[in-house]
Amino acid sequence: MANKQSLGKKILDLVGGEQNINGITHCATRLRMILKDDKIADNNKRSIEELKGVISVVESGGQFQIVIGPRVADVYDDLIENTNLSKENPENDASKNNSGILSRIMDTIAGIFTPLLPLLAGSGVLRGVVLLVQQLGWLSASSSTYHILTAASTAVFYFLPVLLAITTAEKFRVNKFVAAAIMGALIMPEFMNLMGSQGNGVITHFFGIPIVMMTYTSTVIPAILSVWCLSYLERFLKKYITENLQLVFVPMISLLVMVPVTAGIFGPFGVYIGEGLSGAINWLMNSNGWIAGALVGGAWNIFVIFGLQWAVNPVMIQNISRLGYDYIVPLTAAANFGMAGATLGTFFKTKDKKMKTYSMSALLSIFFAGITEPSIYGVGVKYKRPLISAVIGGAVGGAFIGGMHVKAFAFVFGGLTTLPAFVGSTFISYVIGLFICFVVALVSTLIIGIDEQNAPIAVTGGSTTKQLSSTTIQQPISGSVADLATGNDQAFASGSMGEGCVIHPTEGKVFSPFDGNVSMLFGTNHAIGITSNTGAEVMIHIGIDTVKLNGKYFTAHVKQGDNVKAGQLLIEFDINKIQSAGYDLSTFVIVTNTAEFKQVSLTKGDKGTHGRNILDAIV
């Protein structure tokens, strides 16, 4: 648990602290941040990527996204703990930003559906297992056991509008119980009985106002539209109703207004929109499944990189809910297995033992969880060519799957454990299609390679690219030098951010430890990053939690991008005032690109003045 808790705080520090975050949220695999000053995080991008537990860093749609994987919720909770970035804080929302309408829509959809994904996936697999044992003759479709298991596996879809009302209410920060009651009213038997035997389209009246009756079980869009409108109504009511009366009258008026408004406006509109999208996609698949399958299977991993899959996920869920099957889910699985083949190809092609271990872990993530982000970012984006191979494999296998009109009977992530969700007349075609995706991507990767030579260790400092070579690092602050592990900050002392040392300063001056370039300077001046002319990247972090001083007692004598000489004064700080404020002034000197050196060793471990050699980074 300690590692999980520490990772969030490491990330928080490297992006500039909570004062640099305008909004933060998370999806199924990544943290999504809107930053006040992007440069701080950009300059620490490599340090963030090197943290144990971080897969990659992506900047998309105005968001600084840190890919974590399935542990993201734990890291998120740890990051916001003891900060003002609480879940209840209205400002703590990465959708409320100036990043553009598309980014905001994607983030909103992600926030609504992410909490439901485990339930949808679990229900989908259970539904597939029930269908499988029934088709194998092990369970009679007329038995009470079958009906109970069917109810257990399909309840999520019947009550989907209520569940979506809850998650949408959490996203828009309105009373989720009122939201659930609004959509619950529309699926009550008494409401549905108003349609009689005629079904959708029947006209009924509310105080003389005509209302088009629809079936709302298993719908997606009506709940989202309704709760979105409720968010404005609730704020309006709380503005004009005194606080002591809000407990009763806000929910009462919300139900009185929103149930008929949803039934009369948002409900039918949402149903027609959902059916229109579903019909258009199904028409495309039926018109030419081969082309549609190639396009979706090939492009899906690219969609994931930019977060665009959230625009399509509701359509898939809508199809499963209303029709009982979907054509797109199998194509997303095609993309997954294309990425899996490319990842295995990378395992065979790479000479890096760490990458072999990583690629195998990422491959298992796809097979057993249907999660591709570790492979996409850690393999595909890193080496480029495996991503191309994954696109090729997904397109070729996707064309076959689309051409054979393969159906999914549950919304799941494509992996080996979710195979039961595809059991039906097209199951064999599905398995063959996945095999095609995997093999084509694997062979393609083995042929075109992984471009390993261009992935690594050219280090950028200033405007030029420097070749990495052995570097001697001078003591930047006068004081007592000690082994890194003795430091009082576990984030640094653990070595997870790189090897180095800790200095207990006796003078409030920081000097350059070598000739190089200022690659990063925190806005609070409590930390500075320098890249040597030989490619070593060093961060000097003055004190523990001194970021909370917001720059008070720190004075920078250089700015980001400046070229500096060994021994040049970089920063001054007031030791006495900082210590009087209760801060530990332990200063950490970290070689942040330690992984690019064979060895980083401490050569001096005693008291001394700045300018003497204390660290050797050997290639």
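What is the relative accessible area of Asp606? The model is a predicted one, and in it Asp606 has a relative accessible area of 39%, which means that this residue counts as partly exposed, since the buried class ends under 20% and the exposed class begins over 50%. The side chain of Asp606 meets that of Arg612 in a salt bridge, with an N to O distance of 2.7 Å.

**Salt bridges**

| Acidic residue | Basic residue | N to O distance |
| Glu170 | Lys176 | 3.4 Å |
| Glu537 | Arg46 | 4.0 Å |

In the pair formed by Glu537 and Arg46, the closest N and O atoms are 4.0 Å apart. Glu537 is buried, with a relative accessible area of 12%, whereas Arg46, at 27%, is partly exposed. In the salt bridge between Glu170 and Lys176, Glu170 is partly exposed at 41% relative accessible area, and Lys176 likewise counts as partly exposed, at 32%.

**A patch of negative charge**

On the surface, Asp37, Asp38, Asp42 and Glu59 gather in a patch of negative charge. One of these residues, Asp38, is found in helix α2 (residues 38-43), and its relative accessible area of 39% makes Asp38 partly exposed.

**An enclosed helix**

Helix α17 (residues 373-383) is largely enclosed by the rest of the structure, because nine of its 11 residues are buried. Among the buried residues of α17 are Glu373, Pro374, Ile376, Tyr377 and Tyr383. After α17 comes Lys384, which has a positive phi, near 65°.

**Cysteines**

How many disulfides does a search of the whole structure find? The search finds zero. A disulfide is a covalent bond between the sulfur atoms of two cysteines. As for individual cysteines, Cys437 counts as buried, at 0% relative accessibility, while Cys229, at 21%, counts as partly exposed; the value for Cys229 falls in the partly exposed class because buried means under 20%.

Notes. Residues numbered from 1 in each chain as written. Predicted model: local features only at pLDDT ≥ 70, side-chain atom pairs only at ≥ 80, totals over all residues. Heavy atoms only, no water. Disulfide = S-S within 2.5 Å. Buried < 20%, exposed > 50% of the residue type's maximum accessible area, 1.4 Å probe, protein only. Patch = residues over 30% accessible without salt bridge, like charges linked within 9 Å, V, L, I, M, F, W, Y side chains within 5 Å. Areas by Shrake-Rupley, 256 points an atom, 1.4 Å probe, with all protein chains shown as cover. Lys, Arg positive; Asp, Glu negative; His and termini not counted. Charge placed at Lys NZ, Arg CZ, Asp CG, Glu CD. Helix = DSSP H or I, 4+ residues; strand = E, 2+ residues; numbered from the N terminus.
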